[in-house]
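Please look over the sequence and the structure shown here before reading the notes on its strands and on one residue.

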Amino acid sequence: MRVYNRALSDAEAAALYVSEASNIVVSGNGTIIPNGDTSPSTVDHTDFGTGGPTVDRTFTIANTGTALLTLGTASFSGTNAADFAIQTPPAATVAAGGSTTLVVRFTPSASGLRSATLTLPSDNATNGSYFFAIQGGSAGVGALDVPEIADLGITGTEVRASALQPDGKMLIGGLFTVVGGAAHNRIARLNANGTLDTSFNPDVNNTVNCIAVMPDGKIIIGGFFTSVNGTTRNRVARLKSDGTLDTGFDPNADAEVYCLAPQPDGSILLGGDFLNVGGLSRSRVARLTTSGVPDSLATSVNGRVRCIALQADGKIYLGGTFTTVNSVARWGTVRLLADGGIDGTFSDPLNALANGNVHCLSLLPNGHVLLGGSFDYVDNYTTLKAIARLDNAGDADVLFAPNMPGGVYSLAPRADGGLIAAGPFQSCNGSVRKGIATISGTATLETSFDPGISGDALGVMLQGDGKALLAGSFTTMQPGGGAGNTFTRSLFTRVQHSASATQTISFPNTAWAQWTRGGGAPLVEQVSFELSTNGGATYTAVAGTISRIGTTSGWQITGATLPVSGLLRARGRVAGGRHNSSSGIIEQVINYSGVTLPPEIALSGNGSAINHGATSTSTTNHTQFGSVNANSGSITRTFTVSNSGTGVLNLTGTPRVTISGTHAGDFTVTTQPAASVAVSGSTTFQVTFDPSAQGVRNATVTLTNNDLDESSFSFAVAGSGAGPDIAVLGQVLGNFTFNIPNGYNTSTTSTSFGYTTTVAAPPTLSFLLSNQGNAVMNLTGSPRVQVLGAQAADFSIVSQPAATLAAGSSATLQVRWAPLTPGNASATISIPSDDPDENPFTFTVFGTCLSPANDTDGDGLNDVAEFQMSTLGFNWQSSQTALVQTLTSNLHTASYYNQSQLQQLNVGTPVLVRNNATGTFKLSFGLQQSSNLVNFTPLPFTSGTTTINGSGQIEFEFTPGTAPSFYRVGAQ
């Protein structure tokens, strides 16, 4: 059996690994509880939290051996054993590979912290009894903020630094010389249960301001010291995990170091008052390689750098007492690029009005940053005293205003959005809080937590289980402000600040692990995932992409290759202490099994790949369907779903393939794929495109599935609706330029015949019929162009167009009007076709036929006569009495018309005609007689009455009738 002990190194743990027939492993909340564990935690449910009247917790007892495990009777011991009881006992035996559960009930009998030890006897050969500490708090005063570790008897003035090791041990640094009655100069290490680790005792000759625990177990310290263990080390040193000096690391800073910030690549940033590091000019900020040598970062800061925070993208926040950075005005805070240049996208939120400095920085999952310090203004808002929250551009969130005058020196943000603040402040939001306060994400003071320390709190750091490490210059505590609850606690203690802190490692599949964190658990950065396949003896980094889960406090690794079972360890860096200048590492280890293998979806069409999220279409992969007749056509494409992963691909949508988007109705999944696709297998589905209208048609195809990073695989499809498009143009000044809309019924020069008479030749109107679509247009009427309406008999189509009209072609259409009766006339021209949205195409033509029976203007001459003599100045619509009198007074005068008027009066046939064959001209005219200017009869010239005089002029004479008559000369 392997006994897991947080205090052991990997090499020590490996030495305890032996092979046995049965093996007992106990876990709570999915997290292994090491045998002999003395540090209760809400993460593995050994800390029951604060509740009442009862709280139940379930523990799993697993047999990881190869033979039957026999269990004895579980029991409790310790100070408050009576507050715990077995609610549901486990089974007496557990088969190899099997498990059973144990339910423990906590019923606190008094306020404050209640603790005990749970023992589980078994027939395991190495450890007959599996035991671990448990605890809980009552709902009474001081349940969350009473100290849970004994007074350490620290002699000195301050504890400034605190840092966590992954095994739960705590490092403290500051201005002290004695811990637990023994000499410990400026640095000491405590066991997970709060007792002194006597095996660790470096000798540092002056103040330790900051501590950073590295992933390899080594420890970097910074401060005002000049020697470590008797060896010269100016302000920066690196210790081995046992406390001895690492002689290969000697940065040699010329003045005090205030803060340390390890980077993921192993390099480390320093901030302080120094101007020279390793013999190189470095003005108050420097970056060291893993060997302790300054790299090329040479940012110049004109005042003390107290705190540093690192973004995941490599950008660097500095806080302190400076007013310029690289000679550019920056008051107390700045964001640098990874190379040390100023990031101009982050504003300068403090200025001369701020009247103070930045003491601590802490980054939030959404990219915002918390500031703590002694300032009175941020972005000139007076309500933001000593603490503020800025967005990614450096603008203040005015709604987050806890208002903590006096100063904030340390911030510990939680997974639930809240935080603990420590510093010399004496109030929060107007309520008394001496040096320590918890604040919700909405800046509300949490009244359940009030440790009541007697002096300054300089630093705070959260353990993985949510417990808070408090460091400062205090000597006593009065939790809840009650004098009856006074505890002596010198310079350092640990309290349960929140009722719950959760962390869980889960596995959607072997390519994906998630470390979710909630409640009072701390925010972490620089997360790593490591795998052990030998029971925890050794761990190796898991290859893959590590990222935050959105803007939550959780982290994940994707694209990994994990076995279906093993030990997975998640680690993250947590900052704290004075100025948040120290940092340590917390971890969670889970023994998992039965994790599913990951599928990997791929789509193709026509043998060519289709990318997830593709918004463009292509004929190559058949996502572009091409042109289809919108009236009668459709086209079907086949797509292939493949699984190149190591687990079964499940298509989980209902239906499995869906279509959405602007023209989703034009695309139909006519064949759905199979519900699952085996490893290296494939399935197909078909999509049919049947456009409902002409033009480009777009949609999106989506397949919901269990792929890790493409769980909603989508891609665009498109096609064009083809078809004819009828258009009709009318004439303007002899040109086809007037577009006649479908249904047009307005009289214009293009659609009106104007005025005519029954004696005139039937007029015509011409139109241009065209097909502006992208398919042949069929004229489907019989006849193809129809004349409709009550007066349709007056109108006719001169010649019918062809039955089909090719795309882009046109034909001339002539409409004749031969009015049968006088008055206004109209008819509808209808052109049935296979145009999808203009069938039939119609428009109206108009005309007015004048009658000799009407005298509209009342001047004594009928409308037809006046219309025919319009060239003489007549207007049938206007009374022209004088003109009529002139006409009638000369009724029998044959020469009433002058020579130019002869041709103007001629209708239809010219008086003078040339014979092109002979080159001769012939002049033809005759005389016509009328009594009403409407009906004319010929008055023939005879040889006896027609002569040519001596001057060569034609002369004719006739005898007018007795009744008044009109005479007209015209071509014959």
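Predicted model: local features only at pLDDT ≥ 70, side-chain atom pairs only at ≥ 80, totals over all residues.

Residues are numbered from 1 along each chain as its sequence is written, and side-chain values use heavy atoms, with hydrogens and water left out.

**Three-stranded sheet**
- An open sheet runs in the order E39-E40-E43 with antiparallel pairing, where strands are DSSP runs of E of at least two residues, numbered from the N terminus, and two strands pair if DSSP finds at least two bridges between them.
- The edge strands, each pairing on one side only, are E39 (457–462) and E43 (492–496).
- Strand E40 (residues 467–472) pairs with E43 over five bridges in the antiparallel sense, and Ala468 has Val495 in E43 as its bridge partner.

**Pairing around E72**
- Strand E72 (residues 823–831) pairs in the antiparallel sense with strand E68 (residues 786–788) over three bridges, with Leu788 opposite Thr828.
- E72 also pairs in the antiparallel sense with strand E73 (residues 841–850), over nine bridges, and Ser826 has Phe846 in E73 as its bridge partner.

**Gln135**
- Gln135 lies in strand E11 (residues 129–137) and is buried, with a relative accessible area of 6% (buried means under 20%, with a 1.4 Å probe and protein chains only).
- Residues touching Gln135, not counting those up to four places away in sequence, include Phe48, Phe84, Arg114 and Lys467, contact meaning heavy atoms within 4.5 Å.

Key: Helix = DSSP H or I, 4+ residues; strand = E, 2+ residues; numbered from the N terminus. Buried < 20%, exposed > 50% of the residue type's maximum accessible area, 1.4 Å probe, protein only.
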